[in-house]
Amino acid sequence: MASTEDSELFNTLFRYQNGFVISKVMFTAAELGVFDLLSESEEPLTSVAIAERLGTRHIGMQRLLEACVALKLLRIESRDNKDFYGNTALANLYLAKSSPKSQYSYMKLDSEFFYPSFQYLADAIREGKNQISSIHDSSTKDFVQSMYRSEEKAELYFNAMKNFWTLYGREMISMFDLSHFHHICDLGGGSGIFAEEHILSYPDSSVTIFDLPDVVEKAKNNFVALEDSRISFQGGDFFKDPVPEADLYVLSQILHLWEDEKCMQLLTKLYKACKPGGGVLVVEPVLGEERVKSFGAHNISLKLLVHTDGKTRTSSEHKALLTAAGFKEIQAKIGSVYGALLGRK
């Protein structure tokens, strides 16, 4: 008879070995509309009814539903010799599109973009460089270009970022009192999510979103809600072009896309652009100083390895970059996965 320790080891092995199946079960149920249908339904439904309404064959749908029950994504109840399926609280909160905290678009991005590209992880580790040209084609030079290859993909990426902010945005935006910064420049903020969150928290402020011209046009098309006098767009390349004047420059999920040299180039440029008393706010996934405990940050780190020349950093590594660029009075606050650092000139 296996010992308790052996059983625990086996269970861990099984979860890790089959993690890709677990992810794909959840992605597939979301893509087919299972969680949306059950969220909208006033009562649990049979597998036959679910298959008919979603236009699938019953044999496949039944197996998918049973797997979702085993994963606690769905619940099951039996009456009159029939099984009826309904959403669990997790599915209603995070998997149904109608939920304010839905992660549907982020899961769709994971399923369609990151999931297949992880077939190149071993190559990225062997070669120590991103595999972006192998994943797409030789004309695709970087992660940003791959995300904006089409209107459809750009819209998916924007919506995925919106999902991200529903989980972490309020935590990030409230880490520091930013009320004394009246005009904000959000660099690379084409999704518009930070701008929306910021003016909700600070109604007297204004935000200029500075991003690549093509990205700005896509953002305008996909985010009609951003037609607000407090939010403006300006096209440009923040590595090559002058940045707009601002009291505070925001780099939300930007630095991790680049190696240290490029980060220093950008931060030094922002320091020179800052007025005395101005500053920079950096929002990033942050590794713990011990580097091995936070899998959330390592998950992002491996995605970066496959797709970019960047990396996740510890809080002290971020502080070192900001200090070297000239920023003072650097404060850092770390959340569950993401952190924020505020530096002043």
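The legends below describe close-up views of a predicted model. Residues are numbered from 1 along each chain as its sequence is written, and side-chain values rest on heavy atoms, with hydrogens and water left out. Local features need pLDDT of at least 70 and side-chain atom pairs count only at pLDDT 80 or more, while totals for chains, interfaces and linings use all residues.

View 1. Rolling a probe the size of a water molecule over the atoms shows where empty space is left. A cavity is a set of points, on a 1 Å grid over the protein atoms alone, where a 1.4 Å probe fits but cannot get out; its lining residues have an atom within 4 Å of a point. Grid points are joined across faces, edges and corners, and a volume is the space filled by probe spheres set on the points. The model holds two cavities of 30 Å³ or more. The largest cavity contains about 220 Å³ of space. Its lining has 15 residues, and those nearest the centre are Tyr106, Phe114, Phe143, Gln253 and His256. Two or more lining residues come from each of helix H7 (104–117), helix H11 (151–173) and helix H15 (295–307); helices (H or I, at least four residues) and strands (E, at least two) are DSSP runs, numbered from the N terminus. H15 supplies the largest share of this lining, four residues. Sorted by class, the lining of the largest cavity comprises 10 nonpolar, four polar and one charged residues. In this scheme Ala, Val, Leu, Ile, Met, Phe, Trp, Tyr, Cys and Pro are nonpolar, Asp, Glu, Lys and Arg are charged, and the others, Gly among them, are polar.

**View 2. The second largest cavity, lined in part by H2 and H7.** The volume of the second largest cavity is about 70 Å³. Its lining is formed by Phe27, Ala30, Glu31, Tyr104, Met107, Lys108, Ser111 and Glu112. Helix H2 (19–32) and H7 are the elements that give two or more residues to this lining, and H7 gives the most, with five residues. By class, four of the lining residues of the second largest cavity are nonpolar, one is polar and three are charged.

**View 3. Aromatic pairs.** A pair of aromatic rings is described by the distance of the centres and the angle of the planes. Rings of Phe, Tyr and Trp (its six-membered ring) pair if their centres lie within 6.5 Å; planes under 30 degrees apart count as stacked, over 60 as edge-to-face and the rest as tilted. The model has nine aromatic pairs. The Phe10 and Phe14 rings have centres 6.4 Å apart and planes at 40 degrees, so this pair is tilted. Both residues belong to helix H1 (residues 4–17), where Phe10 and Phe14 are four residues apart, about one turn of the helix. Phe14 is partly exposed, at 48% relative accessibility; buried means under 20% relative accessible area, exposed over 50%, and partly exposed in between (1.4 Å probe, protein chains only). For Phe27 and Tyr115, the ring centres are 6.5 Å apart and the planes stand at 85 degrees, so the pair is edge-to-face. This pair links distant parts of the chain, with Phe27 in helix H2 and Tyr115 in helix H7, 88 residues apart. Phe27 is buried at 10% relative accessibility, whereas Tyr115 is partly exposed at 28%. Ring pairs also join Phe164, Trp165, Phe194 and Tyr338 into a cluster.

**View 4. Lysines over aromatic rings.** A charge sits over a ring if NZ of Lys or CZ of Arg is within 6 Å of the ring centre and within 35 degrees of the ring normal. Lys97 lies over the face of Tyr104, 4.6 Å from the ring centre. Lys262 is placed over the face of Trp258, at 5.4 Å from the ring centre.

**View 5. Asp110 and its contacts.** Asp110 is part of helix H7 and is buried, with 17% relative accessibility. Beyond its neighbours within four places in sequence, Asp110 is in contact with Phe27, Tyr115, Pro116 and Lys303; contact means heavy atoms within 4.5 Å.

**View 6. Helix H12 and its surroundings.** Seven of the nine residues of helix H12 (residues 193–201) are buried, so H12 is largely enclosed by the rest of the structure. These buried residues are Ile193, Phe194, Ala195, Glu196, Glu197, His198 and Ile199. Their packing partners include H11, strand E4 (183–187) and strand E8 (279–287).

Definitions and conventions
1 Å grid on protein atoms, 1.4 Å probe; cavity = no way out; pocket = protein on both sides within 12 Å on 5 of 7 lines; lining within 4 Å.
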